[in-house]
Structure formats: structure tokens, C-alpha cells
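Subject: Structure handover

Hello,

Here is the structure I promised to pass on. Please open it first, then read my notes below.

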Amino acid sequence: MRPTELSELNKIRKKYIIQYLCIIISVLFSFSVFYWYENMFPLNYLASLGLLFHLFVLVISIKLNYNSIKLLVPVYLIFLSLMLYPFNALLWQSGQVTAFIWYFLIPFGIMIIFSFKTVLYWSLYILVLIGSIFIMSDFNLFQKYIRPFSSHQLTVLNIITILFSLCFVTFIMYYINKAGMIQMINKPDKTTSTISSTTSDKTDESDEKYETLYNNIVDYFNSKEPYCDPDFNIAQVASSLNTNITYISKSIRIKRNMNFVYFVNTYRINKVKDMINKDYHNKYTLKFIYTSAGFKHQSTFNKVFKLIEGITPSQYINAMNHENDSEAL
């Protein structure tokens with residue numbers, strides 16, 4: 001992944017962390033109010049401490065860049081898991097199935113930040129914590145320090161837990177999808193990577209061959225505009241030009257230093273820009289424009305447009321409108 005693309009991904013990750021902290025602050029505030037109202041010691045103090053801690057972390061996270069924030073995430077996760085421990089323990093002691101929802105959200109929530117291997121390690125850590133709760137529960141150790149919940153308190157806590165956990169799942173899935181979209185767009189072609197690592201290619205295949213093929217690809221794209229079909233793929237290009245996907249991928253990589261998906265998206269974005277320049281946005285809906293260029297979903301279109309152009313479609317349209325108004329004057 002190129003530096004500019006990695007920077008875009010890190011911006012999304014930082015935005016995810018900031019918004020996550022805002023949500024968790026809302027959650028802790030709700031629990032704190034309930035704990036203090038019900039005079040549930042020591043959970044009221046623990047929730048208030050967690051609330052203040054997260055406010056501090058939010059301020060710090062806003063000021064730091066993503067790479068600095070990532071270094072602090074493990075420390076934060078340990079604090080969060082330990083802060084949740086008394087709550088989960090007492091809820092389990094009361095026989096509630098919602099006891100460990102918050103724990104399960106931890107490895108799920110860090111999938112956008114860490115690798116699969118790291119997420120697996122954190123999952124094992126969470127399982128150890130849950131196992132320790134089972135062991136301590138058998139010895140009734142929690143009842144010595146924490147007063148059991150009443151049926152009314154359990155009902156309210158279950159409702160709050162389920163509602164907020166559903167919000168978190170939706171929020172996390174949204175950002176995983178956004179991050180995955182960028183990684184998919186910029187993922188190197190396997191065929192190209194394999195060939196580029198083979199030394200025989202450097203000696204047996206000439207640059208002229210790939211330059212000719214690349215020119216044929218460009219002519220094909222300009223004359224047929226096959227990218228306007230949302231289901232268009234590299235196999236169709238290979239078939240139309242009587243070659244194979246390996247050569248298609250490598251020629252694009254050599255001449256443009258990008259993979260096939262990114263190459264196709266540049267044509268689609270240029271198609272959209274051409275339609276906007278021709279004032280299509282004042283005659284047709286934006287959906288008509290981006291679907292005519294080969295995009296199925298607006299979320300994908302917005303993300304690709306921002307990735308390639310550096311601005312959003314609406315910002316581009318506003319700039320064009322401003323330019324047209326200036327020319328009219």
C-alpha cells in the first residue's frame with residue numbers, strides 16, 4: 001500500500017477511535033447516573049472513574065496522530081478489561097447471560113486496528129479473564145465485596161447493555177467496512193506480485209511487449225468504456241484483447257504503478273468528472289451519474305472519489321459551480 005493510501009486508512013482509524021471514545025463516554029455516563037441513583041457501591045465509583053479516564057483519553061487522542069495512539073491502545077485495553085471486571089463478575093453471579101457482552105466486543109472492536117494474530121492474542125486474554133470469573137464465582141468471592149443486584153436493577157442494566165452493545169456492533173461493522181474498502185481498492189494483484197518476484201520475467205519479457213499491451217488496454221477503455229459495467233472485471237479485458245489476466249495486470253503495474261482495480265476506478269472517476277463538467281449534476285441525480293460510470297453503491301463511489309481526487313464529490317461539484325459562476329461574471 002502506498003504512503004498516501006496508508007495515510008488515508010490511518011485517518012479512518014483515528015476517526016474510528018475518536019468516535020468510539022465519544023460513544024463509550026456516553027455509555028459510562030448512563031451507567032454512572034444509574035449506579036449513583038441506585039447507590040450501587042462500588043460500581044458507582046468505578047463507572048465515574050472510568051468516565052473521567054475516557055474523557056482524558058479523548059482529549060489526548062484528539063491531539064496525537066494515529067501511530068502514537070496505536071501505541072497506547074494496549075494499555076487502554078488492559079485498563080478497560082479490568083474496569084469491566086467487577087461489573088461482569090457481579091452480573092454473572094446474578095445468572096445473567098449479558099454478563100460478558102462487553103468483553104466479547106473488545107476483540108471485535110480492535111479488528112480495524114490490529115492484525116488477525118494480535119486480535120487472537122487479545123481474544124485469549126479475554127477468555128482468561130472470563131475463566132477467572134467462573135472460578136471466583138464458584139467460591140462466592142464476589143458477594144464478600146459487592147452487594148448483589150436487585151431484580152429491578154438487573155432489568156435496567158440488561159436493557160442498557162443490549163441497546164448500547166447493538167449500537168457498538170453497528171458502529172464497528174461500519175468502520176471495518178470502510179477500512180476494508182480502502183484495502184481492497186489498493187490490494188496488489190496476486191498475479192502481478194508473483195510475476196514481479198520471478199527473476200526470469202526480467203530477462204525474458206521485454207518492456208516493449210507490455211507497453212504495446214498497455215496501449216491496447218487504453219484504446220479498449222477509451223473506445224468501449226467497459227468500466228461503466230459495474231460487473232466488469234479483468235477477465236473480460238483479457239478475453240477482448242486475446243491475452244491473459246497476468247499480462248494485463250503486469251502491463252498496468254509497469255506503466256501506471258497501480259493494480260487493476262485502482263486503474264479501473266480512475267477511469268470511472270474521470271467519467272464522473274466529465275459528466276459533472278458537462279453539468280449533468282444539475283440535470284440528473286448523483287446516483288444516475290455514479291451508476292452510469294460503473295459504481296454500484298454511493299458509499300463505494302464516495303470513498304473512491306475521495307481517495308483519487310483528495311476531495312469529496314460534493315466538494316468537487318461545489319468547486320465546479322463556483323468556477324462556473326465566476327466565468328459567468
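Start with the loop between α12 and α13 (286-292), where aspartate 279 is found. Its phi is near 70 degrees, a positive value in a residue other than glycine. Most residues other than glycine have a negative phi, and most peptide bonds are trans. Aspartate 279 is partly exposed, at a relative accessible area of 28%. Please keep in mind that this is a predicted model.

Asparagine 257 is another case to look at. It is not a glycine, yet its phi is positive, at about 55 degrees. You will find asparagine 257 in the loop between α11 and α12 (260-277). With 48% relative accessibility, asparagine 257 counts as partly exposed.

Next, a peptide bond. The one from phenylalanine 41 to proline 42 is cis, and its omega is near 0 degrees. Proline 42 sits in the loop between α1 and α2.

That brings us to helix α2, residues 43-63. How far apart are the end C-alpha atoms of α2? They are 30 Å apart. At 1.5 Å a residue, the 21 residues of α2 should span 30 Å, so the two values agree.

Which residues of α2 are buried? They are Leu43, Asn44, Ala47, Gly50, Leu51, His54, Val57, Leu58 and Ser61.

Now the largest pocket. Rolling a probe the size of a water molecule over the atoms shows where empty space is left. About 700 Å³ of space lies in the largest pocket. Its lining has 36 residues. Tyr20, Leu21, Ile24, Tyr76 and Leu80 are the ones nearest its centre. The elements that each give two or more residues to this lining are α1 (3-38), α2, α3 (66-93), α4 (101-109) and α6 (151-185). Which element gives the most? It is α3, with 11 residues. By class, the lining holds 34 nonpolar residues, two polar ones and no charged ones.

Lysine 250 lies in helix α11 (residues 245-256). Is it buried or exposed? Its relative accessibility is 12%, and the cut-off for buried is under 20%, so lysine 250 counts as buried. Lysine 250 and leucine 213 are 37 residues apart in sequence. In space, their C-alpha atoms are 9.8 Å apart.

Glycine 310 is in the loop between α14 (298-309) and α15 (313-328). It is partly exposed, with a relative accessible area of 46%. Along the chain, glycine 310 and glutamate 8 are 302 residues apart. Their C-alpha atoms are separated by 9.7 Å.

Last, the cysteines. A disulfide is a covalent bond between the sulfur atoms of two cysteines. How many disulfides does the count give? It comes to zero, with a disulfide taken as a pair of cysteine sulfur atoms within 2.5 Å. Cysteine 22 is partly exposed, at a relative accessible area of 37%. Cysteine 167 is partly exposed as well, at 46%.

Best wishes

Methods:
Residues numbered from 1 in each chain as written. Predicted model: local features only at pLDDT ≥ 70, side-chain atom pairs only at ≥ 80, totals over all residues. Heavy atoms only, no water. Buried < 20%, exposed > 50% of the residue type's maximum accessible area, 1.4 Å probe, protein only. Helix = DSSP H or I, 4+ residues; strand = E, 2+ residues; numbered from the N terminus. Expected span 1.5 Å × (residues − 1). 1 Å grid on protein atoms, 1.4 Å probe; cavity = no way out; pocket = protein on both sides within 12 Å on 5 of 7 lines; lining within 4 Å. Points joined across faces, edges and corners; volume = space filled by probe spheres on them. Nonpolar A, V, L, I, M, F, W, Y, C, P; charged D, E, K, R; others polar.
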